[in-house]
Amino acid sequence: MSTSELLDYRPGAGADLLLRRATVLDPVAGIDAVHDIVIRNGEIAELAAPGDGQADGAEVIEAEGLHAFPAFFDPHVHLRTPGQEHKEDVETGARAAAAGGYCGIIAMANTEPPVSTAADVTALREQARGGAVVPTGFLATVTAGMNGEELTEMVDLREAGALGFSDDGLPIRSARVMRRALQYQRLCGGTIALHEEDPELSGGGAMHEGAVSAALGIGGIPSVSESTMIARDAALAGYEEARIHVQHLSAAESVEVVRAAKAAGVQISAEASPHHLCLTDAEVRSLDPHRFKMNPPLREERDRQALIEGLRDGTVECVATDHAPHQPEEKDVPFEQAAFGVTGLETAFAALHTELVLPGTIGLGLLVERMAGGAAPFGIERPSLAPGSEANVALCDLGAEWTVGEEGYESRSENSWCHGRTLTGRVLVTVAAGQVAFRLRSFSLGVAS
Amino acid sequence: MKHLLAIEQLSREEIESILDRAESFAEVGRRDIKKVPTLRGRTVVTLFYESSTRTSSSFELAAKRLSADLISVKAAGSSVEKGESLKDTVATLSAYDPAAIVIRHPYAGAAQMVAGWTEAAVVNAGDGKHEHPSQALLDVYTLRRRLGSLEGKRIWIVGDVLHSRVARSNLIAFQQMGAEVTLCGPPTLIPRGIEQLGCAVTHALDDLGEADVVYALRMQHERMSDSFVPSLREYAATFQVDSRRLNPRQLLMHPGPVNRGVELSGEAIDSPQSLIAEQVASGLVVRMAILYELLAGGERPSAVGDGDAAPAATPIGQPA
């Protein structure tokens with residue numbers, strides 16, 4: 001099903017737009033040419049020859065030199081609702097997503113209290129219908145209140161509309177509980193998304209264990225704390241023929257484990273975040289928790305390269321931001337005391353374009369494909385620019401340079417790992433579920449009637 | 001030099017300049033009146049979030065010997081216990097317009113953050129397991145007095161490197177001064193990857209004889225509970241530096257406080273080759289030199305306030 005059918009958003013009239021002479025790139029649909037994109041009533045009506053598209057009263061956007069991609073899909077964001085609305089809420093999080101070119105996001109359940117009951121899911125969906133400019137889905141926790149012991153009422157939660165399950169923020173320590181959840185999945189469906197970390201190995205750590213942590217005297221989180229848990233859960237998922245999604249892969253060893261599990265036929269998917277794809281633990285030498293403290297931590301260059309290779313060969317099918325808003329009080333403290341997490345929705349595409357595409361590390365087509373790769377693991381149809389599709393479009397200026405944070409953020413929090421960086425490539429307009437969800441203020445629109 | 005945050009940030013010349021200054025303060029210390037007026041009218045704050053005897057007392061005495069006004073804040077019994085954040089505490093203390101804040105904190109990077117929040121010069125008196133630059137300076141000072149130069153000298157740092165800020169700062173400082181450093185301890189207490197700092201790593205005392213200087217680290221009792229070592233008995237049997245393992249030509253150092261009979265045998269501590277008492281004495285003059293260097297030495301940036309420029313440095317040697 002498409003994003004608009006499984007996810008919730010503020011309903012409105014379908015857009016009528018003519019994106020004139022846009023460079024259209026949708027590698028999955030096999031589209032790579034300059035077209036006039038005709039959007040009628042929220043649907044891609046036609047990819048006309050450049051200059052041939054008929055406005056018919058639609059708003060015309062002169063898109064010559066601009067790129068139109070299928071809008072992006074982020075399967076991993078934290079909207080902090082309920083309980084921590086001072087950091088983010090459904091409305092501000094969805095606005096941030098729209099500014100980043102997204103047409104769909106999936107919110108994690110580690111709120112305060114965690115999303116563990118059908119009533120929680122129902123309330124969140126209601127909020128999304130009231131104010132989310134981008135279709136938003138919600139996961140429920142695997143264990144009640146994320147206690148790691150008892151399963152939530154997974155059938156009930158699915159009926160209330162939970163897209164899947166995750167205790168993200170915490171691993172599921174117990175192999176027994178993990179296995180029960182995977183067994184129960186046969187009854188209720190819903191992908192189980194996993195934050196993979198063995199706290200016995202990572203406990204007390206605040207950054208990647210390696211030469212930098214040794215030099216800084218900061219407790220290390222070893223790569224094997226992640227890869228050993230993935231290995232355990234891949235084995236369990238294979239045994240139970242269950243469907244799992246591994247969140248925020250960070251280590252080379254983890255990529256290897258996922259690759260081997262896929263080769264063995266396990267139903268496993270994986271995501272990597274822009275910060276793990278662009279940065280290494282060398283950044284932590286700055287001791288700046290605002291931009292460089294997150295879990296899993298930034299790792300070494302070999303890990304970064306392994307993640308990039310995973311993107312290339314499909315071991316990692318999608319980019320996910322793990323957008324994790326925090327207020328300054330939780331970050332204006334020494335590194336080890338600071339909260340884990342950075343925001344990323346507004347900068348993901350621009351950062352990866354700047355750091356990976358422009359230097360020629362990966363192709364633009366691959367990036368565009370992976371930016372929307374997070375829908376399928378949760379049973380959601382990939383956004384497409386093929387005629388007849390619901391309009392989900394990210395219109396980007398790949399030459400635009402901007403300094404992150406200079407004009408503030410759509411997110412309620414400012415702990416962006418890109419804060420202060422100059423990026424090349426910017427989202428100008430986002431169409432999500434057929435509606436215009438975002439326009440960059442400085443991008444002037446030519447309106448015809 | 002605006003702050004002293006990490007040994008890593010100091011060049012060999014900067015280290016030597018501080019040590020030279022300390023030498024001249026040592027001369028002052030031999031007089032009847034051991035005080036100079038250099039920092040008269042200026043305020044030094046010591047802000048300690050962790051217990052300390054040597055470091056806090058020597059910084060306090062150093063400030064007094066330089067005639068500074070001293071505010072000494074300990075986390076225990078202060079607003080910190082009421083939940084005040086480090087940032088707010090620093091803002092509060094900064095209202096007194098201190099010339100320097102000397103801070104010890106249980107977490108890495110605390111001093112660096114404080115430097116971003118105050119106009120005062122900041123001295124890192126220990127941040128978590130990261131750095132303890134004044135300790136490294138006083139150790140280099142102590143060694144320099146004994147050896148003349150550290151160039152080409154072999155220094156072994158033995159014990160719990162993983163949890164030791166002293167080990168990190170000293171490793172860097174010793175290397176900066178031209179020494180070759182070997183870290184020795186059980187594999188559980190040597191951080192993975194530390195050899196990338198250019199030191200050798202070994203897990204046995206077999207070759208201790210090659211060392212010119214043996215620097216033992218404190219072994220904390222709580223390490224047993226975390227399975228870092230099976231028992232203090234086994235640790236002592238394997239890694240204790242004693243007179244059997246030490247040869248008379250070698251110098252022995254320790255940052256204190258010592259666990260007698262654990263990392264060092266009693267006789268080693270009390271042997272003539274032990275510099276432990278000298279290290280403590282060096283602590284005072286080196287910390288005077290650090291405060292002098294930051295507050296009165298060289299060109300003062302006008303960061304403290306334009307209208308009220310720092311008083312000109314008073315020549316050392318004029319009792320107040």
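Which residue in β3(B) does Leu47(B) stand opposite? Ile103(B) is the residue opposite Leu47(B). This is a predicted model.

- Four strands form an open sheet, in the order β2-β1-β3-β4, with parallel pairing.
- At the edges lie β2 (69-74) and β4 (121-127) of chain B, each of which pairs on one side only.
- Neighbouring strands of the sheet are turned by 15° against each other on average, direction ignored.
- Strand β1 (residues 43-48) of chain B runs parallel to β3 (residues 100-105) of chain B, and 5 bridges join them.
- In general, strands of a sheet pair through backbone hydrogen bonds.

**Helix α5 of chain B**
- Helix α5 (residues 133-147) of chain B has 15 residues, so at 1.5 Å a residue it should span 21 Å.
- The end C-alpha atoms of α5(B) are 21 Å apart, which agrees.
- The helix is mostly covered, with 11 of its 15 residues buried.
- Among the buried residues of α5(B) are Pro133(B), Leu137(B), Asp139(B), Tyr141(B) and Leu143(B).

**Where chain B meets chain A**
- In chain B, 21 residues are in contact with 17 residues of chain A.
- Helices α3 (86-94), α4 (110-117) and α6 (165-176) of chain B each supply at least two residues of the side that touches chain A.
- The largest share of that side, 3 residues, comes from α4(B).
- By type, the residues of chain B on this side are 8 nonpolar, 8 polar and 5 charged.

Notes
Residues numbered from 1 in each chain as written. Chains lettered and ligands numbered in written order. Predicted model: local features only at pLDDT ≥ 70, side-chain atom pairs only at ≥ 80, totals over all residues. Pairing = 2+ DSSP bridges. Axes fitted to C-alpha atoms, helices over the stretch in contact; angles between N-to-C directions. Contact = placed C-beta atoms within 7 Å. Nonpolar A, V, L, I, M, F, W, Y, C, P; charged D, E, K, R; others polar. Expected span 1.5 Å × (residues − 1). Buried ≥ 20, exposed ≤ 12 C-beta atoms within 10 Å, placed from the backbone.
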